[in-house]
Amino acid sequence: MRASRADDLPAISASLRVLRGSLCFLSTNATGDVVSTAPILEARNLARVFAVRRSGGLFGRPAQLHAVDDVSFDLAPGETLGLVGESGCGKSTTAKLVLGLLAPSAGEIRFEGAAVPAPGTAAWRALRRRMQMVFQDPMGALDRRLPVGAQVMEPLAIHGLGEAGARRERAQALLEAVGLGAHHFDRYPHELSGGQRQRIVLARAMILEPSLLVCDEPISALDVSIQAQVINLLLDLQEKYRLAYLFISHDLKVVRQISHRVAVMYLGRIVEEGDPDEILAEPAHPYSQALVSAIPVAAAARRRPRLILKGDPPNPVDRPPGCAFHTRCPVATARCRDDVPVLKALGGTRRVACHVAHGEGGSA
Ligand SMILES: Nc1ncnc2c1ncn2[C@@H]1O[C@H](COP(=O)(O)OP(=O)(O)O)[C@@H](O)[C@H]1O
Ligand code: SF4
Ligand SMILES: [Mg+2]
């Protein structure tokens with residue numbers, strides 16, 4: 001279940017939940033205001049191929065690595081889409097494509113209803129203010145030589161927004177919004193804990209009033225006790241500012257706490273997408289079943305036998321034909337070796353890319 005803050009009052013109003021699949025892009029929020037739920041972000045058939053060399057370094061044969069392949073999703077204002085999958089499945093590449101930090105080999109990103117301009121152009125820089133990012137390592141994202149207050153204000157200076165006094169005021173308000181105090185303003189990153197540094201990164205991301213935050217493994221480097229605090233902070237900020245999150249993690253449990261919808265990736269493709277609670281209770285794709293099965297729970301509470309996957313994911317340079325999961329799939333059929341399964345609806349709001357889940361696997 002998506003978490004509400006530990007001290008939460010009635011869970012975030014159902015009216016704030018996105019009416020997925022609805023043709024009506026209007027909804028009411030918790031205070032009764034009518035708000036738009038038209039997608040803020042639309043990713044269509046995104047692909048990214050890297051030119052690499054096979055093992056052998058400089059002298060290896062050239063090859064193509066399909067890091068992201070035919071990925072499509074929508075994200076509405078105030079909504080969180082969780083992207084989950086093993087290391088190397090293409091999550092960070094998807095994040096970079098969304099932010100325009102990498103150009104797609106194919107496909108399109110639309111943000112707030114318009115195609116994202118070419119990276120590096122003035123139009124792209126203006127738009128990037130509305131899309132911010134938070135990565136795993138807050139220390140790497142901060143400048144060790146600068147007090148954190150100056151770093152929170154920095155984006156305003158870069159974009160020439162406000163006078164010095166107003167910038168300082170706004171930065172202090174944001175430090176407060178992320179649970180830090182005015183006394184943190186003149187501290188240096190090394191004087192803060194990991195959790196406090198990630199709060200600084202969030203404050204700096206928020207200062208330009210973005211409508212989308214791309215969070216790539218934002219809590220993976222933090223102690224478990226601090227992770228819940230940062231998740232609560234993200235939930236608070238989302239509720240207050242109606243932010244949309246693309247939230248990336250290799251951990252389905254973490255993704256479930258914050259996401260309205262989850263997309264499971266395997267070798268560059270989305271294999272299942274839907275409501276996190278439903279996917280956790282009844283994963284339809286064999287790979288999702290393996291991910292759910294890997295979550296530690298008491299043996300008595302386990303609803304289905306534990307499924308341990310054979311081997312490591314294949315090298316994406318040698319992506320298996322047909323369903324890329326067939327080399328590890330316990331229920332693969334002959335069809336799976338040749339036919340790429342299409343991501344399509346499986347009742348309700350679930351989408352699944354699996355011949356067998358759709359009852360179209362044929363004989364073994
Ligand atoms: N710049 C790059 N050049 C070549 N291969 C890359 C590059 N960036 C990512 N990859 C490869 O693309 C695949 C997906 O990587 P990534 O998106 O970082 O996965 P994840 O974030 O899910 O761990 C991996 O096989 C990775 O090695
Ligand atoms: S399409 Fe076939 S190989 Fe792929 S997940 Fe489904 S059953 Fe397994
Ligand atoms: Mg990554």
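Modeller: Just after α1, Gly100 takes a positive phi of about 80°. This is a predicted model, where local features need pLDDT of at least 70, side-chain atom pairs count only at pLDDT 80 or more, and totals for chains, interfaces and linings use all residues. Residues are numbered from 1 along each chain as its sequence is written, while chains are lettered from A and ligands numbered from 1 in the order in which they are written.

Biologist: Thanks! How many helices and strands does the chain have?

Modeller: Helices (H or I, at least four residues) and strands (E, at least two) are DSSP runs, numbered from the N terminus. On that basis the chain comes to ten helices and 14 strands.

Biologist: Is α1 mostly covered or open, and how many of its residues are buried?

Modeller: A residue is buried if 20 or more other C-beta atoms, placed from the backbone, lie within 10 Å of its own. Among the residues of α1 that pass are Lys91, Ser92 and Thr93. The helix is mostly covered, and the number of its residues that are buried is nine of nine.

Biologist: Which element gives the most to the shell around ligand 1?

Modeller: A residue is near a molecule if its C-beta atom, placed from the backbone, lies within 6 Å of it. Of the 13 residues around ligand 1, Phe50, Ala67, Lys91, Ser92 and Thr93 come nearest. At least two residues each come from β3 (41-53), β4 (62-75) and α1 (91-99). With three residues, the top contributor is α1.

Biologist: Why are α4 and α6 called roughly parallel?

Modeller: The axes, lines fitted to C-alpha atoms over the stretch in contact, have angles from 0 to 180 degrees between N-to-C directions. For α4 (residues 148-158) and α6 (residues 194-206) they come within 7 Å and cross at roughly 25°. Angles under 35 degrees count as roughly parallel, which makes α4, relative to α6, roughly parallel.

Biologist: Which residues of α6 make that contact?

Modeller: Two residues are in contact if their C-beta atoms, placed from the backbone, lie within 7 Å. On α4 these are Val148, Gln151, Val152, Glu154 and Pro155, and on α6 they are Ile200, Ala203 and Arg204.

Technical notes
Parallel < 35°, antiparallel > 145°, perpendicular 65-115°, else oblique. Buried ≥ 20, exposed ≤ 12 C-beta atoms within 10 Å, placed from the backbone.
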